[in-house]
Amino acid sequence: MDVRNNRRDTTGASVITANRLLDGRIVWLTPRGWSEHIGHARVFDNADIEDAIRQAKAAPDARRLVGIYGVQLDPSAAGLSPLTVRERIRAFGPSVHPDFAPVETSDVH
């Protein structure tokens, strides 16, 4: 089993991610290779993700990657969005990204 994501449900869907060895960029497996955008990622049923991870690790382009693993998707999200905060930060930007900033309220002094 993919030990990096032990929160994966037996149902639902996941995508496969890694880091590019050359520059450390986060990449997502697509139907035609790897992309820096999660929106291009190929979606796998969780029942099939372990085999897909094995195949991705065995592919020739895997030599240019480190840390290939599966990421569970949030079933209630519109579009491709990881279930965990850690993976959402990896997918959409650092924790200082406006989507992850605390909400400011006018009644706080």
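Reader: Which residues of helix α1 (residues 49-58) are called buried, and why?
Author: Ile49, Ala52, Ile53 and Ala56 are buried in α1, because each has under 20% relative accessible area (1.4 Å probe, protein chains only; exposed is over 50%, partly exposed in between). The model is a predicted one, where local features need pLDDT of at least 70, side-chain atom pairs count only at pLDDT 80 or more, and totals for chains, interfaces and linings use all residues. Residues are numbered from 1 along each chain as its sequence is written, and side-chain values use heavy atoms, without hydrogens and water.

Reader: What do the buried residues of α1 pack against?
Author: They pack against β1 (13-20), β2 (26-30), β3 (33-35), β4 (44-45) and β5 (65-72). Contact means heavy atoms within 4.5 Å. Helices (H or I, at least four residues) and strands (E, at least two) are DSSP runs, numbered from the N terminus.

Reader: What makes a set of residues a nonpolar core?
Author: Its members are buried Ala, Val, Leu, Ile, Met, Phe, Trp, Tyr and Cys residues joined through side-chain atoms within 4.5 Å. The largest here has twelve residues, including Ile16, Val27, Phe44 and Ile68. To this core α1 gives the most, with four residues.
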